[in-house]
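Here are some notes for your reading of this model. Please keep the structure open beside them and look up each residue as it comes.

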Amino acid sequence: MSTSPRLLVEPGRVVLSGCWTLAEMLPQLAALEAKLVACTSHNDWDLSEITRLDSAAAVLLWRTWGARWPDGLVAAELHRQVLKRVAELPQEIAEQARPRLRFPEMVGALLLKAVGNLLGMIALFGQLLLDAAYLVRHPQDVPWKEFTANVYKAGAQALAVTALVGFLIGVTISYLSALQLKSFGADLFIVNILGISIIRELGPVLVAVLVAGRSGSAMTAQIGVMRVTEEIDVLSTMGISRTIRVVLPKIFGLTVAMPLLVLWTSAVAMFGGMLAALLQLDLSFAYFVDNLPRAVPVANLVIGLSKGVVFGFVIAIVACHFGLHVKPNTESLSASTTSAVVTAITTVILFDAIFAVFTRNIGVP
Amino acid sequence: MNPSPVIELNGVGVSFGGKAVHRDLSLRVEEGQIVGLLGGSGSGKTTLLREILGLLQPDSGTIRLFGIDLNDPDVDRQRNLRRRLGMLFQQGALFSALSVFDNIAFPLRELRCLDADWIRRLVHLKLAMVGLEPTHGKLMPAELSGGMVKRVALARALALEPELLLLDEPTAGLDPDRSQNFVELVGSLQRELGLTVVMVTHDLNTLAGLATHVAVLADQRIIAFGPKDEVMTVDHPFVTGFFGADRRKLL
Ligand SMILES: Nc1ncnc2c1ncn2[C@@H]1O[C@H](COP(=O)(O)OP(=O)(O)OP(=O)(O)O)[C@@H](O)[C@H]1O
Ligand SMILES: [Mg+2]
């Protein structure tokens, strides 16, 4: 039995034989198509020797015939059926138009999206206030378990990585500043430089970037998958508020965990800085610790920790907002997770600038 | 044209976390058979299909499709083998980021041999075959009803004109009319192309209308395999329970 599709041009007619299926046609597709194109003018087609005819081949033949039945067609009833299915399709199949955006439209769309996101976050914030008010009146509904789980996940489990990064940054800054200070003979100012920069600025921002990448993306992905798999809808049908059970514990959990992480990271970074100062400038730990309170007023610590609170809140609210707006497909999930992390980090830097402006007279000796 | 059986499982064993799902399971499906795979819920029917597809490596035993071992190291042969299979997953498993049209066109585009017009016609043909409108092509999977998901998934499984079609509960979630259409569609495809079909189903009408053979999965193996009427007389609690009073209807 012949398997591969074959085409023979006899005087006055075209004879097809073999197995006209997609799998069998593929190895010699170009040759077959060329042969078929050469036969378009023929009107007598003999398909009776074909063993199999699938719809891909039927479409090919139908196109060759210029979308009409050839007058002299010989084919088995079975194969005629296949061809008939193709023939019954509408002739002109409209191509799926993809909307093309022009540049101004694109800018406008982006702007509208940004405004939409801002409004969404404000709405989420409002919902949060309402939920908090509800929980004050119904303390038995407070989701303690979820809250503590979030503190553990976003806080305790991040201790190692934040410590490592903090330590390395502390060593780097201390080492680089020591080189400069040494040449001015101003070794002792290393305490001021390290203290102010780490406690007030670097600690909170560093932790915020790490947490946005670590916990922010996790929150968006988790809420997003819950939307994709309709778990969020299941919660609603059980009469459980999704904001109270899913969103609120995440936001408050991170708001509580962040300042603690900031404190921890700043401490480890200071330790790294002290170590480098000891090795580079022979500055003892005791001197460093004694002089730290004098060089860095405690207001800086307060500013650093309040930054932690605000950043934690911002990261969580951005992450939850994007998670709640994931559309039920994988593409949207990945896009939302990316946007959540990028937006969270950008917003954190923005808030950091606002902090810098409004606290410019505080805590600098 | 191929003397070796389409599916040949020999002494296949699979267990999840120490719990055996299949034990010394053997099955042999010849070309052109439409096999209804029966078994209680959780008896390992989906697992069996996943093994046949090569998605799940059995702990023991061998699986051959069209005479080719699934562990054959030749990458090209493996890929060509996969192209001869079509699978309808129990949950549909459509690509959620692609529209219905693109879902069906995807395997065709992957061949990199067909032009856009050809693909478009084929996709619309498949849509019509499973009873969907051309306008449904624009919808995203999340916008479909449960039954529509099934039909799109079937259309996608049919896209590459497979020689072996594996169907996991194809008619669950379809109305009786659509189930009947499905039975007719697969039946006519089988006659035209000599397809081999293995389908998991609990629907007696689908089984009666379509299956030529029945395989019964119970006690972690195939306890009975053969033409429909023979299997129904097997004396096993599952078989008597399953067919029960409906035994007549199938005959
Ligand atoms: N990935 C997995 N890990 C662990 N256990 C599994 C896994 N997949 C399946 N199982 C177990 O194997 C058994 C068989 O599952 P399977 O999905 O094959 O059942 P089924 O026969 O298709 O049932 P149904 O008719 O309900 O679809 C079940 O007990 C299930 O819990
Ligand atoms: Mg199953």
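1. Thr46(B) has a relative accessibility of 30%, so it counts as partly exposed. This is a predicted model. Gln90(B) is also partly exposed, its relative accessible area being 30%.

2. Helix H6 of chain B covers residues 176-193. Its 18 residues, at 1.5 Å a residue, should span 26 Å, and the end C-alpha atoms are 25 Å apart, which agrees. Buried residues of H6(B) include Phe182(B), Val183(B), Leu185(B) and Val186(B), and also Gln190(B) and Glu192(B). After H6(B) comes Gly194(B), with a positive phi near 65°.

3. The largest nonpolar core has 83 residues. Those touching the most other members are Leu16(A), Trp20(A), Trp45(A), Leu47(A), Leu108(B), Leu114(B) and Trp118(B). Helix H5 (residues 146-158) of chain B gives the most to this core, eight residues. Another core, of 38 residues, lies apart from it; Met121(A), Ala158(A), Val211(A) and Val246(A) are among them.

4. What does Leu16(A) touch, leaving out residues up to four places away in sequence? Its contacts are Arg6(A), Leu7(A), Trp45(A), Asp46(A), Leu47(A), Glu49(A), Ile50(A) and Leu61(A).

Note on methods
Residues are numbered from 1 along each chain as its sequence is written. Chains are lettered from A and ligands numbered from 1 in the order in which they are written. This is a predicted model: local features need pLDDT of at least 70, side-chain atom pairs count only at pLDDT 80 or more; totals for chains, interfaces and linings use all residues. Side-chain values use heavy atoms; hydrogens and water are left out. Buried means under 20% relative accessible area, exposed over 50%, partly exposed in between (1.4 Å probe, protein chains only). Helices (H or I, at least four residues) and strands (E, at least two) are DSSP runs, numbered from the N terminus. The expected span of a helix is 1.5 Å times one less than its number of residues. A nonpolar core is a set of buried Ala, Val, Leu, Ile, Met, Phe, Trp, Tyr and Cys residues joined through side-chain atoms within 4.5 Å. Contact means heavy atoms within 4.5 Å.
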